[in-house]
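Welcome! Open your viewer, get ready to select residues by number, and follow along one stop at a time.

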Amino acid sequence: MQKTFTDQMGREIDVNFPPKRIISIVPSQTELLFDLGLDQEIIGLTKFCIHPIEKFAARTKVGGTKKLNIDLIKDLKPDLIIGNKEENTQRDIEELAEYFPVWMSDIFTLDDAMKTIAEIGALVDREPEASYLNHLISAGFNDLKTLALQHHIDKKVAYLIWRKPYMAAGKNTFIDDILLINGMTNIINDERYPAVTLEQLKTTNCELILLSSEPYPFGDKHIEEIQSAIPDVKIMLVDGEMFSWYGSRLVKAVQYFFEFQKQLY
């Protein structure tokens, strides 16, 4: 049967419900769909949708999140494509929407992520499973917020995602919200992902610099590089998936942040 849904960009789409041929073009949402039990329904994903790896290997790769193989997607004839406003390009989405139902998320906070999980659950006929995931995420992050307060964690941080130039997660990002929940205040006041210099970071009251594992793979040599320029700041490597993936990965992120907070006491 046909069913109408409204995505998070306010677009109405008509879907053959429940959808049987799904292409996911965002890694965190792909992982969510598999965790909702859609093993048979997912026919295509991007080359970055690596979790779970054994299911990634068996699916058709439709390009990267920002450079999709439109012709291949057309050949697969999906009855639903699931993307994200920030991750995918407007040009690709508009072209795909001419041929297929394309449902888009738009996420800035943990609450947005949980809303997305619920809405995708309804979209793919997995509402009970989505509700259970949200129950675990809500309880876990509420506990993390409480622990951060109890241990008086109040760190001023910069979260770097790129090098040459250095780029940071700024305000109005999902990462910024996750930092705040765990007792960290982002010292980057610009929105989205501005370029920053080490000289600029020197002039702030930054206490902690976090180097993400993605999209740029920061390593120990980069700690040394930055530490030599800013010797008085603590620098840590962190798992970018835990800070920026907004699907079912958030369940695993609870334990990660429980251990992470211990390093900040």
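Before we start, one term: two residues are in contact when they have heavy atoms within 4.5 Å. Keep in mind, too, that this is a predicted model.

**Stop 1: a loop residue.** Select Ile-50, in the loop that runs between β4 (42-45) and α2 (53-56). Which residues does Ile-50 touch, not counting those up to four places away in sequence? Show Phe-56 and Glu-241, and you have the answer. Is Ile-50 buried, partly exposed or exposed? Ile-50 counts as partly exposed because its relative accessibility is 33%, and that class lies between the 20% and 50% cut-offs.

Stop 2: Step back to Cys-49, which is buried, with a relative accessible area of 0%. Then select Cys-206, which counts as buried at 10% relative accessibility. If you go looking for disulfides, you will find zero in the structure.

**Stop 3: the nonpolar cores.** In soluble globular proteins, nonpolar side chains tend to be buried together. To explore this here, select Val-124, Phe-141, Leu-210 and Phe-243, the residues that touch the most other members of the largest nonpolar core, which has 56 residues. Zoom in on Phe-141: leaving aside neighbours within four places in sequence, its contacts include Leu-110, Ile-178, Leu-250 and Phe-257. Finally, pick out Leu-160, Ile-209, Phe-218 and Ile-230, which are among the 19 residues of a second, separate core.

Notes: Residues are numbered from 1 along each chain as its sequence is written. This is a predicted model: local features need pLDDT of at least 70, side-chain atom pairs count only at pLDDT 80 or more; totals for chains, interfaces and linings use all residues. Side-chain values use heavy atoms; hydrogens and water are left out. A nonpolar core is a set of buried Ala, Val, Leu, Ile, Met, Phe, Trp, Tyr and Cys residues joined through side-chain atoms within 4.5 Å. Buried means under 20% relative accessible area, exposed over 50%, partly exposed in between (1.4 Å probe, protein chains only). Helices (H or I, at least four residues) and strands (E, at least two) are DSSP runs, numbered from the N terminus. A disulfide is a pair of cysteine sulfur atoms within 2.5 Å.
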